[in-house]
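Please walk through the model below, starting from its open space and ending with the chain as a whole.

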Amino acid sequence: MSRPNGATITITVANHQRRDPVPLAWLARVARCAARHLRIGQGQSFSIAFIDGPTMRALNQRWTRQTGLTDVLSFRYDDAPVTGEILIAPAAARRYARQHGLGYRQELARYVIHGLLHWVGHEDRTPTEQQRMRRLEERALAHCLGRDGHSHR
């Protein structure tokens, strides 16, 4: 994504699982829009990877000491070429979307935004933090997807 002074935010998106379809180009557009919306600074570089459930469970255990499948893990690296890494489990998105009558693609978009929110410092450990993050996600989704759920920006 180009900035007026020539600096960029680089976002790479990759699918490392085979079970659930992942619309990579569309999610890359959502990620760029959300990064602009969240005012993520110039020169940042993000890797967004979609991974399978067993891998996500193992990484969740390793990095958070929690068992089970989590939806998103977000990492911030201050002195590295890639300043942010977001790992997303499409299996979790599909399950959540099905249980709550939501669209799978929109749930994936929410997880991308959720990972970016974590990267900028938001937490969701308490009910209050969870409500705040949900409001921020809703705003970013509305900004980037509009009412019909398709990326417009």
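What volume does the largest pocket have? The largest pocket has a volume of about 800 Å³. A pocket here is an open set of points on a 1 Å grid over the protein atoms alone, where a 1.4 Å probe fits, with protein on both sides within 12 Å along at least five of seven lines. Grid points are joined across faces, edges and corners, and the volume is the space filled by probe spheres set on the points. This is a predicted model, in which local features need pLDDT of at least 70 and side-chain atom pairs count only at pLDDT 80 or more, while totals for chains, interfaces and linings use all residues. Residues are numbered from 1 along each chain as its sequence is written, and side-chain values use heavy atoms, with hydrogens and water left out.

The lining of the largest pocket consists of 26 residues, each with an atom within 4 Å of a point. Nearest the centre lie T70, D71, H114, H118 and D124. At least two lining residues come from each of α2 (53-64), β3 (72-76), α3 (90-100), α4 (104-119) and α5 (127-145), and α4 contributes the most, with five. Helices (H or I, at least four residues) and strands (E, at least two) are DSSP runs, numbered from the N terminus. By class, the lining has seven nonpolar residues, 10 polar and nine charged; Ala, Val, Leu, Ile, Met, Phe, Trp, Tyr, Cys and Pro count as nonpolar, Asp, Glu, Lys and Arg as charged, and the others, Gly among them, as polar.

Helix α3 also holds A92. A92 counts as buried because its relative accessibility is 5%, buried meaning under 20% relative accessible area, exposed over 50% and partly exposed in between (1.4 Å probe, protein chains only). Beyond its neighbours within four places in sequence, A92 contacts L69, T70, D71 and Y111, a contact being heavy atoms within 4.5 Å.

One disulfide is counted, defined as a pair of cysteine sulfur atoms within 2.5 Å. C33 and C144 form the bond, with S to S at 2.3 Å. The pair links distant parts of the chain, C33 in helix α1 (residues 24-37) and C144 in helix α5, 111 residues apart. Both C33 and C144 are buried.

Over the whole chain there are five helices and four strands, in the order β-α-β-α-β-β-α-α-α from the N terminus. Of the 153 residues, 42% count as buried. Among contacts between residues at least 6 apart in sequence, 61% join residues at least 24 apart.
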